[in-house]
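Student: Hi! I have just opened this one and would like a friendly walk through it. Can we take it bit by bit?

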Amino acid sequence: MAIISTLLSGVSITELIYKSLIAIVAYWVFHLLSQLVIPKDPKVVPTVFSWVPVMGNAVEFGKDPINFLKSCQKKYGDVFTFQLVNKKVTACLGPDGNQFVFNARQNLASAAAAYNDMTKYVFGRDIVFDTQHSLFMEQKKFIKNGLNIDTFRKDVPLILEECNLFLDKLEPKGQVDAYHMFGALIINTASRTLLGPEVRKALDDGVAQLYYDLDQGFRPINFMFPNLPLPAYRKRDEAREKLAVIYSQIIEGRRSNPDNVQDDLLQTLMDSRYKDGSGIPDAQICGILTAALFGGQHTSSTTSAWAILELSHRPDIVKALRQEIIEKLGSLKAEFTYDNLEELPLLENIVRETLRLHPPIFNMMRRVVVDEMVYEKNGLIIPKGNYICAAPGVTQIDETYFNNPMKWDPYRWSEKTDPVHIMEQGDDANIDYGFGAVGISSRSPFLPFGAGRHRCIGEKFGYLQLKAVIGTFVKRFDFEGVTEHVPKPDYTSMVVVPENSNIRFTRRD
Ligand code: HEM
């Protein structure tokens with residue numbers, strides 16, 4: 001303070017403003033010249049030009065990241081670095097970029113270094129990215145073990161019961177925001193099936209508000225600034241602590257009543273053992289369940305909303321879907337089961353195509369934790385601290401792999417005429433990082449669930465829940481969009497949501 005007041009003594013306000021302006025302009029000119037004039041090292045990844053210092057490319061990226069990435073790809077190639085305020089991100093696009101990021105060794109580029117600053121405040125300590133990588137892989141295996149076909153068979157009636165209870169409350173006719181409606185429905189179906197009847201009941205008794213407060217710690221701002229002394233951050237921390245207490249009581253309740261054995265993820269975790277023989281502490285169970293719930297919550301809500309919005313502009317596909325259900329189940333009144341949901345290819349392809357054109361998570365990041373990482377294909381060097389970013393959201397709409405890529409066309413998955421179906425993808429689908437075989441090559445252009453060691457383990461449950469929810473809505477309601485075309489994407493949340501997801505509906509039953 002003393003230095004500043006000495007420097008400023010005798011300086012008038014006008015002079016101060018004038019000097020500040022000169023300093024800003026000089027800094028700005030330096031920023032531009034440093035990008036245009038200073039020769040570039042050909043071994044270093046090209047940097048995207050930015051007009052504004054500090055902010056870098058944050059505004060263009062924030063507005064429309066997919067078009068930003070595509071236009072940079074045209075100019076700089078598949079690998080380039082851009083700046084998002086305090087972060088430098090090296091985009092690695094195309095199938096090779098997907099493979100480079102998703103198969104990166106843990107000690108070179110880490111998801112924990114990219115995400116843990118944010119996730120530890122939401123999920124809690126010692127789990128997911130806040131523990132050794134090998135322990136996280138064990139935790140993923142526990143979740144995967146709990147998501148098996150026997151459990152799914154029991155889950156479907158529960159999902160349908162929640163769906164029907166929820167949809168019964170809608171007026172015979174009206175207008176609703178599909179994203180919010182499916183969000184409210186999916187927290188019920190997911191908590192009923194994954195977390196169990198006690199948590200589902202607690203949702204109605206105020207736990208929903210705790211999840212809401214916790215969710216406020218999961219916004220793009222939290223990625224930039226994980227912890228600030230603001231009320232939303234305080235509420236997030238209080239919610240996490242209160243949830244831990246509630247879960248401990250539920251776990252205690254089950255342990256003290258051995259007859260109360262449920263077939264859900266909570267029970268799987270209570271019965272699981274780490275490789276060293278130790279059980280999972282209650283606080284970790286709470287965090288793992290929260291991570292599983294959050295993993296599927298917004299992703300599935302937005303996918304259901306996009307599917308219904310796309311369908312609302314394709315009455316021919318709605319008709320074909322109803323026909324498919326009638327042919328398989330006998331009537332639209334017949335209930336879905338796990339087995340008959342597996343035999344409805346159009347319904348499955350509606351979900352798949354929606355995930356292609358509207359992936360909830362279009363890019364995935366890791367952070368370089370060694371002095372430098374080399375992009376093998378062209379020898380370019382990526383320095384320590386940079387984020388490397390794969391963007392399946394870009395390959396999924398690239399005409400090199402998908403014909404007429406901006407058209408929402410579920411039939412492309414049954415006709416299999418897209419180039420993606422004949423391209424060689426790589427033989428890394430069978431690698432087991434500790435939670436079973438990954439199941440898909442990281443070189444695939446279609447990766448809405450990621451690939452490699454951080455690949456989603458909720459894909460099968462996600463598909464099941466989405467098919468049950470979308471199928472039930474289509475059986476029970478006629479609907480139309482309120483906009484002339486399918487709405488544009490809004491990129492301001494952690495997942496990509498429709499800009500306007502209002503639909504008009506009329507009950508059919
Ligand atoms: C439509 C639904 C879903 C979509 C689109 C989706 C998408 C993804 C993506 C893209 C990743 C990779 C993230 C990365 O590489 O950084 C991922 C990972 C993961 N997802 Fe999902 N997910 C969905 C549903 C679920 C569900 C229902 C669960 C839990 C039951 C779940 C749990 C997880 C977990 C535990 C990971 C691993 C994270 C890691 O290893 O870093 N997801 N998901």
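Student: How far is an oxygen atom of the ligand from an N or O atom in the side chain of Lys140?

Tutor: The distance is 2.8 Å. Keep in mind as we go that this is a predicted model.

Student: OK! And how far is a polar side-chain atom of Arg366 from an oxygen atom of the ligand?

Tutor: For Arg366 the value is 2.8 Å. His454 also has a polar side-chain atom by a ligand oxygen, at 2.7 Å.

Student: How many residues surround the ligand, and which are the closest?

Tutor: There are 25 residues around the ligand. The closest are Phe129, Lys140, Arg366, His454 and Cys456.

Student: What does that shell look like by class?

Tutor: Around the ligand you have 15 nonpolar residues, seven polar ones and three charged ones.

Student: Which helices and strands each supply at least two residues of the shell?

Tutor: Helix H7 (133–146), helix H14 (282–312), strand E5 (364–368) and helix H20 (459–476) each do. H14 gives the largest share, with five residues.

Student: How far apart are Ile288 and Gly124, in sequence and in space?

Tutor: In sequence, 164 residues separate Ile288 and Gly124. In space, their C-alpha atoms are 8.8 Å apart.

Student: How does anyone find where empty space is left?

Tutor: You roll a probe the size of a water molecule over the atoms, and that shows where space is left empty.

Student: Which residues line the largest cavity?

Tutor: The lining is made of Val101, Phe102, Ala104, Gln106, Ala109, Ala111, Arg366, Arg453 and His454. Arg366 and His454 are also among the closest residues to the ligand.

Student: Now helix H9, residues 178–195. How many residues does it have, and how far does it reach?

Tutor: H9 has 18 residues and reaches 24 Å from its first C-alpha to its last. That is close to the 26 Å expected at 1.5 Å a residue.

Student: Why is H9 described as largely enclosed by the rest of the structure?

Tutor: Because 15 of its 18 residues are buried.

Student: What happens at the start of H9, and what follows the helix?

Tutor: At the start, a side-chain oxygen of Asp177 comes to within 3.0 Å of the backbone nitrogen of Tyr179. After the helix comes Gly196, which has a positive phi, near 105°.

Student: Thr193 is in helix H9 too. Which backbone oxygens does the side chain of Thr193 reach?

Tutor: The Thr193 side chain reaches the backbone oxygen of Thr189 at 2.8 Å. It also reaches the backbone oxygen of Ala190, at 3.3 Å. Thr193 is buried, with a relative accessible area of 2%.

Student: Gly196 had a positive phi. What is the phi of Val128?

Tutor: Val128 has a positive phi of about 50°, although it is not a glycine. You will find Val128 in the loop between helix H6 (111–123) and H7. Its relative accessibility is 10%, so Val128 counts as buried.

Student: And what about the phi of Lys416?

Tutor: Lys416 is not a glycine, yet its phi is positive, at about 55°. Lys416 sits in the loop between helix H19 (412–415) and H20. With 53% relative accessibility, Lys416 counts as exposed.

Student: Last stop: where is Tyr411?

Tutor: Tyr411 is in the loop between helix H18 (392–395) and H19. At 29% relative accessibility, Tyr411 counts as partly exposed. Tyr411 and Ile317 are 94 residues apart in sequence, and their C-alpha atoms are 9.6 Å apart.

Student: Asn404 lies in the loop between H18 and H19 as well. Is Asn404 buried or exposed?

Tutor: Asn404 counts as exposed, at 52% relative accessibility. From the C-alpha of Asn404 to that of Tyr338, 66 residues apart along the chain, the separation is 33 Å.

Key:
Residues are numbered from 1 along each chain as its sequence is written. This is a predicted model: local features need pLDDT of at least 70, side-chain atom pairs count only at pLDDT 80 or more; totals for chains, interfaces and linings use all residues. Side-chain values use heavy atoms; hydrogens and water are left out. A residue is near a molecule or strand if one of its heavy atoms lies within 4 Å of it. A polar contact is a pair of N or O atoms within 3.5 Å; within protein, one must be able to donate a hydrogen and the other to accept it, and residues adjacent in sequence count only if both atoms are side-chain atoms. Helices (H or I, at least four residues) and strands (E, at least two) are DSSP runs, numbered from the N terminus. Ala, Val, Leu, Ile, Met, Phe, Trp, Tyr, Cys and Pro count as nonpolar, Asp, Glu, Lys and Arg as charged, and the others, Gly among them, as polar. On a 1 Å grid over the protein atoms alone, a cavity is a set of points where a 1.4 Å probe fits but cannot get out, and a pocket is an open set with protein on both sides within 12 Å along at least five of seven lines; lining residues have an atom within 4 Å of a point. The expected span of a helix is 1.5 Å times one less than its number of residues. Buried means under 20% relative accessible area, exposed over 50%, partly exposed in between (1.4 Å probe, protein chains only).
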